[in-house]
There are 2 protein chains.
Amino acid sequence: MSRYLSPTLQDLVPYTPGDIPRRRSVLKLNTNENPYPPPTPVIEAVRRVADRLQLYPDPNCLKLRQAAAEYYELEPDQIMAGNGSDENLFFALRAFCDAGRPLARPDVTYGCYGVWCGLMHIPQHIIPLEKDFTLDPTRYYDLNETIVIANPNAPTGLALPPEAIGEIAARNPDGVVIVDEAYVDFGARSCVPLIRDHENLLVVQTFSKSRQMAGARLGFAMGNKELIADLERVRNSLNPYNVNQMTQAAGIASLQCEGYFRETCRQVIETREWAAQELVRRGFVVTDSRANFLFARTPKMLSRVLFRELRQRAVLVRYFDEPRTEHWLRITVGTKEQMEILLQRLDKILKEA
Amino acid sequence: MSRYLSPTLQDLVPYTPGDIPRRRSVLKLNTNENPYPPPTPVIEAVRRVADRLQLYPDPNCLKLRQAAAEYYELEPDQIMAGNGSDENLFFALRAFCDAGRPLARPDVTYGCYGVWCGLMHIPQHIIPLEKDFTLDPTRYYDLNETIVIANPNAPTGLALPPEAIGEIAARNPDGVVIVDEAYVDFGARSCVPLIRDHENLLVVQTFSKSRQMAGARLGFAMGNKELIADLERVRNSLNPYNVNQMTQAAGIASLQCEGYFRETCRQVIETREWAAQELVRRGFVVTDSRANFLFARTPKMLSRVLFRELRQRAVLVRYFDEPRTEHWLRITVGTKEQMEILLQRLDKILKEA
C-alpha cells in the first residue's frame, strides 16, 4: 500500500480468484470453466475480426444486443453487455445502492458482492441461509432494499424456482432485485420471462460457464428499459468501450449455436449427476446442485486437508475458508474422464488417510 | 432514469464517444483510430487462442506484464494491464482521489477525467491552459493534489517535455501525478524513464492508437510498485478478469513487432505533417500536434457548420461544443489517401460557402 492510497480503500479486501496452474497437466476443477471448447462458429467469428482490431468496437454493442434480444425475447434496450458478469454486477450495485440504500444478500454466496460493497462503501444486510443452505424467500419480503440472489447459488448450487424470486420482487416494490444467473443453464429455470411483470427485476447472465467463453469476458444484464438505461449511464461514465470487438463477434455467434449449447449443457448435467452419485457412494454429502459444480464434503477428512492433498496430486478444486463453508469443497464438473481421474485420486487419498 | 437510480448519480453526465457510422464508405476521422491494420503476428496470436476461450484468462496477466516489463525496462510489478486506458485511469482516480483529495487537471483535455470525477464525487481543481492551449507547468507546482495531464494533450495535440512533467512530480511529493500518454508514440517523449526517480509518477499508455488495437481494449498503467499494488487492489475488487485472453495474446505479440510499430508511427507522423501544411495553405490555423490527430480551425466557416457539412459529405471528424474548443475541429490523421479525400471535400465546402 502506498502512502498515496485513499484512506477510503485501506480496509478493502479484494476478491481472490481461483489459482491458475502453470502446468497444463493439472486437472483444473476450481473455477467452473466449461470442459468443452467454444463451438466452431464462435472460433471463426473471432478469427474473422482479428485483422481489423485497429477500429474501436461499437460502444453500444448494437448487433450483439439485437441478437440477444431476439434470443431472450426482449427488446435491445432491455439488455446491456458487459466485460463479464462481474462488471455488470458492479455497475448495478453502483446504480442501485448507496450509503442510504444497503445491499441485502445471503451470507453464503458469490464472494464479489461483499467486495464491491467494500469498494463502494455500501452497507450490507446479510441474511443467513437456512442450516441446509436453502434460501427462505420470506426472509427477503418487505425489505425494500436492493437485493442480490445468485440463482443457482454459489458455491452451494441450490436453486429457487423463478416464482419464488418473482414473489420477492413483488414484495419489494421499492428495491431492485438482482438475480445472478451465472449457472442457470445447468438445470435451473431463468427469471428472464418475469422481467415483463416486474419493473424492479434485473437478471444477470454470463457467457463464461454454459457458453464456453470465460476467456472472452461477456455478460448481459437484462431488465426493464429504465433499469438498463440507469446501468448504461454508469457504464458510459466508466468505460464506454468495455466490450471488445472479438467478444462482441463471439457473443453473436454463440447465440446462434443453440444445438451445441444445449448438448454441452446436457453433457455437463449428466456428468454432474453421475459424479454426485459416485461421491455419495464414497460417503460424501453433496447438495442438490443445479450448477456446473458440486458442493461436497466427507466426514472422513477435513476439507482443507483434502483440498491440499488433491492439489499435491495435481487436482485443483476450490476451498472457501469461511465458517459455514469450511467443511466443504466446490468441485467443477469437467468431462466424465476428468471426473474419473478426480475420483481415482480421491480414493487414493482417502485410502491412505 | 428509473426511480431506483441512486440519487448520487442523478446529475451525472456520461461521456459521449465519437459516432460509429453504419456505412463502411464513411471516412471516419473522429476517434483517432490507426489507419493501418494490426501486424500479422497480432492477428495470428488472436486466431491461435480462439479455440480455448472456455478457459479464464490469467487474472494477473503475468506473461503480458513480463513482456511489457522487458519492453519498457521495468519490473512486472511496476505494470498493470487494463481493459483499455479508460479502465486504468478510472482505477487510478478511485485509488488516489476522494472527497478530501481533489483531481487537478487542465480545463481543455480528455473529457473522461471530469466524467469519472462526477461518477465518484471527486472534487475537481480545473486549471486553465494558456490562451494558446499550452500548459504552464508552474501552475501545477506545490498543489499536492492528484494531478492528471494528458501528454500530448487531447484535443490540442500539444506536448510537454518529460522534464517538465518530472518537475511537476518533484514539486508535488504528496500527490500522484498521472501522465496519460495515449498519443505519445506519434512524436512526443515518454515519461516512463522518469518512473525510477519519482515514486508519485504514474504513466498510462494505450494500445488503441499507435498499436492498432482499439478493438481489443488494452492499456498499461506504469509506476513504482507500491502505486501499482494500489491499482491492483482496486482492479481485484472490481473485475479481476478484466483483460480477456485474446487481448493478452495480442498485446504480447504487439510488443514484439517493433519494426511495424515504428514504421506505422512514422507514416502517421509524415501524413500529419503533410496534412497540416495543406490545411495551413488553405488558411487553417493548426496547433503543433504530436498526436495522430490535427486540431484545426478556419476563419472562413464556423466549426460547427463545417463539422456538419463534412458529415453530410460522409466525412466524420470530432467537434467539441465547449467554450474554448467550439472554434476548432479535431481531425484524425488517416492514410495520405484518406487525407486527400478530406482536403478535396474541405475545398468543395469552403468554395461553395
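Let's start with two residues in chain A: Phe133(A) is buried, and so is Trp328(A). Please keep in mind, everyone, that this is a predicted model. For Trp328(A) the relative accessibility is 10%, so this residue counts as buried, the cut-off being under 20%.

How do the rings of Phe133(A) and Trp328(A) sit relative to one another? Their centres are 5.4 Å apart and their planes stand at 75 degrees, so this pair is edge-to-face.

Phe295(A) belongs to strand E10 (residues 293–297) of chain A while Trp328(A) is in the loop between E11 and E12 of chain A, so the pair ties together parts that are 33 residues apart in sequence. Phe295(A) is buried as well, with a relative accessible area of 1%.

Elsewhere in chain A, ring pairs join Tyr15(A), Tyr110(A), Tyr113(A) and Trp116(A) into a cluster.

Rings also meet charges here. The charged end of Arg330(A) sits over the ring of Phe293(A), 5.7 Å from the ring centre. Over in chain B, the charged end of Lys336(B) sits over the ring of Trp274(B), at 4.7 Å from its centre.

A search of the whole structure turns up two cavities of 30 Å³ or more. The largest cavity has a volume of about 320 Å³. Which residues lie nearest its centre? They are Tyr56(A), Asp86(B), Tyr110(B), Tyr183(B) and Lys209(B), out of 24 lining residues. If you like to think in classes, that lining has eleven nonpolar, seven polar and six charged residues.

The second largest cavity holds about 30 Å³ of space. Its lining is made up of Pro39(B), Ser210(B), Arg211(B), Gln212(B), Ser254(B), Cys257(B), Tyr260(B) and Phe261(B). Those residues divide into four nonpolar, three polar and one charged.

Next, the second largest pocket, with about 1,400 Å³ of space. There are 37 residues in its lining, and the closest to the centre are Leu55(A), Tyr56(A), Ile20(B), Pro21(B) and Arg24(B). Which elements supply at least two residues each of this lining? From chain A we have helix H1 (40–49), helix H2 (62–72) and helix H7 (245–255), and from chain B strand E1 (27–28). H7(A) gives the most, with four residues. By class, the pocket lining has 16 nonpolar, eleven polar and ten charged residues.

Two individual residues are worth a quick look. Arg52(A) is in the loop between H1 and H2 of chain A, and at 29% relative accessibility Arg52(A) counts as partly exposed. In chain B, Glu163(B) is part of helix H5 (residues 162–170), and is partly exposed at 48% relative accessibility. Glu163(B) and Arg189(B) are 26 residues apart in sequence, with their C-alpha atoms 9.8 Å apart.

Finally, the annotations. An unreviewed UniProt entry places the feature "domain: Aminotransferase class I/classII large" at residues 25–346 of chain A. Over that stretch the chain is 38% helix and 14% strand, and the end C-alpha atoms are 17 Å apart. The unreviewed UniProt record also puts "modified residue: N6-(pyridoxal phosphate)lysine" at Lys209(A). Where is Lys209(A) found, then? Look in the loop between strand E7 (201–206) and strand E8 (219–222) of chain A. Is Lys209(A) buried or exposed? Its relative accessibility is 7%, so Lys209(A) counts as buried.

Conventions: Residues numbered from 1 in each chain as written. Chains lettered and ligands numbered in written order. Predicted model: local features only at pLDDT ≥ 70, side-chain atom pairs only at ≥ 80, totals over all residues. Heavy atoms only, no water. 1 Å grid on protein atoms, 1.4 Å probe; cavity = no way out; pocket = protein on both sides within 12 Å on 5 of 7 lines; lining within 4 Å. Points joined across faces, edges and corners; volume = space filled by probe spheres on them. Nonpolar A, V, L, I, M, F, W, Y, C, P; charged D, E, K, R; others polar. Phe/Tyr/Trp six-rings, centres within 6.5 Å; stacked < 30°, edge-to-face > 60°. Buried < 20%, exposed > 50% of the residue type's maximum accessible area, 1.4 Å probe, protein only. Lys NZ or Arg CZ within 6 Å of the ring centre and 35° of its normal. UniProt positions renumbered as here; feature names shortened; annotations may be inferred.
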